[in-house]
Amino acid sequence: MNQTTRRNFLAVSGAAAAAGAVFSGSGIQSAQGAENAQADAPKSLFASAVVLQNPTETSMSASWTLNGYATGWIEWGLSPDKLDQKACGAVWGLKPYSDRVISVTISGLKPNTKYFYRAAVRGIDFRGAYKIIPNEEVEYSEVNSFTTPGKDAKTASFVVVNDTHEVQDILAREFDLAKELKPDYTIWNGDLVNHVEGHETIQNAIMDPGKRAFANDHPLLVGRGNHDTRGRWARYLDEYLTPWKQEDPKYAALGYSSVVRHGDLALICLDTGEDKPDFRKEWGTLAEFEPYIALQGEWLKDVMESDAVKTAKFVLVFCHIPLFDPRPDANPGTLEYGHSAWKKLGAELWGESLQKAGVQAVIAAHVHHHRVDAPTETRCWTQITGGGCALNGATVIHGKVENDKLKITVYSVATKKAVTELEFEPRKIG
Ligand SMILES: [Fe+2]
């Protein structure tokens, strides 16, 4: 753990700070040299910064990882000096307790409103059912803020990173560039990992990428990629990346299919699943993405009819696997061999909704190559794919709605210069 980086998002409580002071003055440091001090320093219980997620007009989720067994909560309020509300994340009467991750949802918020918060962790020595000993010290993150979505926002912006595949240098560069762009939302558009093999994978590739805080002052939206579905631990990803809470119970089986309306912009994330059909032997009978993509099609029809989307001047869709490929021989993801260059099933089951709504752009990933597919007479949306995880091709895509225009700029991560600039007009509404 890089202590300097960690200090950037941690503030230790009075009691813990006092413990640290005692430790520094214990004589060990002077006897063995300063180089031992860092190794001997009390380890923070925070293993990552807070990752804000699932922004709605009235709620926000927050997750962070741990270095030991602890409980945790969020203190929040309208002013940094008055964090007078508390979200403790209890489920069925049980507050969080884990040595890996804490996840809390803050509710009772108002639209387009700035809130301040800090995360808290308290170590727990859980010796038995009725022998649970909480630490005296509480450790706090620094105070940060977020703004809830709301139609009244004057501007709206986002960044997209994709296909980061656990590459630490690329993660560091992409999130540094993303931070400079000060987005309202970050969309991580799939292939966060190569395959999910355990907590360490999720910790290093997702929760503490490049040892950086990347979503503690604005929320993350997740577009799951095909690689994120692979590996035994793919089934535990939802403990860290909280699924979107669907209002309608018939869509409860959907994971990260989300819709956010902020200002004139509606952002819709869809999950294109694996890049091979369900019947393929690679999946050893464990895949059922096709009905899942179909259910998202039903969800999308409803979403397009919602007030949040119907009244938005700009509607964008984010999904990992492209919904179109200009090459006639490109693999559509339905074959007995190879893997998808594009997702024919998604195009078939979602395409009509996208067309009917007049979606301006689909932002995709997966092909590790930035390209722009212009609209055609039968397809109203521009498709933009982000680059891959090699420095010379990696991209950060930035979009901003301001003064009745949507401007999308694709930046090269290597040069930080714009390689594509596009401007979109408002949709016809009604
Ligand atoms: Fe992919």
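At what angle do helix H7 and helix H9 pack, and how far apart are their axes? Let's start there, and please keep in mind throughout that this is a predicted model. Helix H7 covers residues 289-304 and helix H9 covers residues 344-357, and the two pack at an angle of about 5°, with their axes 9 Å apart. Angles under 35 degrees count as roughly parallel, so H7 is roughly parallel to H9.

If you'd like to find this contact on the screen, look on the H7 side for Glu-290, Ile-293, Ala-294, Gly-297, Leu-300, Lys-301 and Met-304. Facing them from H9 are Leu-345, Gly-346, Leu-349, Trp-350, Ser-353, Lys-356 and Ala-357. By class, the residues of this contact divide into eight nonpolar, three polar and three charged.

Leaving aside residues up to four places away in sequence, Pro-277 touches Gly-333 and Thr-334.

Now let's step back to the domains. The domain assignment of the chain gives domain 1 as 3-28 + 44-147 and domain 2 as 156-424. Their C-alpha centres lie 29 Å apart. How many residues of each domain are in contact with the other? The answer is 21 residues of domain 1 and 19 residues of domain 2. On the domain 1 side, the elements giving two or more residues are helix H1 (3-9), S2, S3, strand S6 (101-107) and strand S10 (144-147). The largest share comes from S3, with four residues. Taken by class, that side of domain 1 has ten nonpolar, ten polar and one charged residues.

Next, a strand that I'd like you to see: S4, residues 70-77. Six of its eight residues are buried, so S4 is largely enclosed by the rest of the structure. Which strands does S4 pair with? One partner is strand S7 (residues 114-128), in the antiparallel sense over eight bridges. Within that pairing, Trp-76 has Tyr-117 of S7 as its bridge partner. Another partner is strand S5 (residues 85-87), also in the antiparallel sense, over three bridges. There, Glu-75 stands opposite Lys-86 in S5. As a reminder for reading any such sheet, side chains in a regular strand alternate between the two faces.

Last stop: two residues with backbone angles to look at. Asn-54 is not a glycine, yet its phi is positive, about 50°. Asn-54 sits in the loop between strand S2 (51-53) and strand S3 (59-65). Asn-54 has 23 C-beta neighbours inside 10 Å, so it counts as buried.

The other one is Asp-191, which also has a positive phi, about 55°, although it is not a glycine. Where is Asp-191 found? Asp-191 lies in the loop between strand S12 (185-188) and helix H6 (199-207). With 27 other C-beta atoms within 10 Å, Asp-191 is buried.

Key:
Residues are numbered from 1 along each chain as its sequence is written. This is a predicted model: local features need pLDDT of at least 70, side-chain atom pairs count only at pLDDT 80 or more; totals for chains, interfaces and linings use all residues. Axes are lines fitted to C-alpha atoms, for helices over the stretch in contact, and angles run from 0 to 180 degrees between N-to-C directions. Angles under 35 degrees count as roughly parallel, over 145 as roughly antiparallel, 65 to 115 as roughly perpendicular and the rest as oblique. Two residues are in contact if their C-beta atoms, placed from the backbone, lie within 7 Å. Ala, Val, Leu, Ile, Met, Phe, Trp, Tyr, Cys and Pro count as nonpolar, Asp, Glu, Lys and Arg as charged, and the others, Gly among them, as polar. A residue is buried if 20 or more other C-beta atoms lie within 10 Å of its own, exposed if 12 or fewer, and partly exposed in between; C-beta atoms are placed from the backbone. Two strands pair if DSSP finds at least two bridges between them. Domain bounds come from an automatic or database domain assignment.
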